[in-house]
Amino acid sequence: GGTKDFSPIIEMAKTCKPPVAIENGTITGGFAHNQVIQLADKVVDAVKSGAIRKFIVMAGCDGRMKSREYYTEFAQKLPKDTVILTAGCAKYRYNKLPLGDIGGIPRILDAGQCNDSYSLAVIALKLKEIFELNDINELPIAYNIAWYEQKAVIVLLALLYLGVKNIHLGPTLPAFLSPNVTDVLVKNFGIAPIGSVDEDIKLLA
């Protein structure tokens, strides 16, 4: 509990070379549900005209494993008529990619951090209401969720509560997925692990 002298560490730090940027790019954020709903007419028109064919929810976590480069490649290879809806640390794998826009709508709509996944659910429910659909799964939305830590359980449970089906999880699966739990989720919700990027892109057709 006494006084600590960090002078030697500070002096050594002063002799080190300055850090070098490992990447460059521009990040556009602020697309939580309030902002997107204000653009609802523009988004709906783009969907009806076919300019936007599908939304891809790529929310979730990030980690250091090389296998997570899957999400960068997946975002790069998505068809030009798709828009990514994202929240959480997973976005740092692709949110600086120059994916452009569709009629002024950015192809990456970043709602924020993990807790802001709520906004993505609100957006989906609002689109369901606007298009007068009975089932959230009738929306042109696919789910490719990056799994990492256990706090993401609540996000997954929320999606299941809303009845969302055919969610893809990766690159690792939750530890709580025992054979019995997995059987229920596969049979009732169509949950599946990610495959290769090219195989998973084909599933969006």
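Is Cys61 buried or exposed? I looked it up: Cys61 is buried, with a relative accessible area of 6%. Buried means under 20% relative accessible area, exposed means over 50%, and partly exposed lies in between (1.4 Å probe, protein chains only).

**Ground rules.** I am working with a predicted model, where local features need pLDDT of at least 70, side-chain atom pairs count only at pLDDT 80 or more, and totals for chains, interfaces and linings use all residues. Residues are numbered from 1 along each chain as its sequence is written, and side-chain values use heavy atoms, with hydrogens and water left out.

**Cysteines.** A disulfide is a covalent bond between the sulfur atoms of two cysteines. I counted a pair of cysteine sulfur atoms within 2.5 Å as a disulfide. The count came to zero. Cys61 is in no disulfide; its nearest cysteine sulfur belongs to Cys114, 5.2 Å away. Cys89 is in no disulfide either, and its nearest cysteine sulfur, that of Cys114, is 5.2 Å away. Cys89 is partly exposed, with a relative accessible area of 33%.

**Whole chain.** I then looked at the protein chain. I found eight helices and eight strands. Helices (H or I, at least four residues) and strands (E, at least two) are DSSP runs, numbered from the N terminus. Of the 205 residues, 40% count as buried. The C-alpha atoms fill a box of roughly 65 × 45 × 35 Å, taken along the principal axes. I also checked contacts, meaning heavy atoms within 4.5 Å. Among contacts with a separation of 6 or more, 72% join residues 24 or more positions apart.

**Helix α5.** How far apart are the end C-alpha atoms of α5? They are 20 Å apart. The helix has 14 residues, 117–130, and at 1.5 Å a residue it should span 20 Å, so the two values agree. The expected span is 1.5 Å times one less than the number of residues. I listed the buried residues of α5, among them Leu120, Val122, Ile123 and Leu127. The buried residues of α5 pack against several elements, including α3 (40–49), β2 (82–86) and α6 (153–161). After α5 comes Glu132, whose phi is positive, near 55°.

**Lys91.** Where does Lys91 sit? I found Lys91 in the loop between β2 and β3 (101–102). At 5% relative accessibility, Lys91 counts as buried. Leaving aside neighbours within four places in sequence, Lys91 is in contact with Thr86, Asp110, Gly112 and Gln113.
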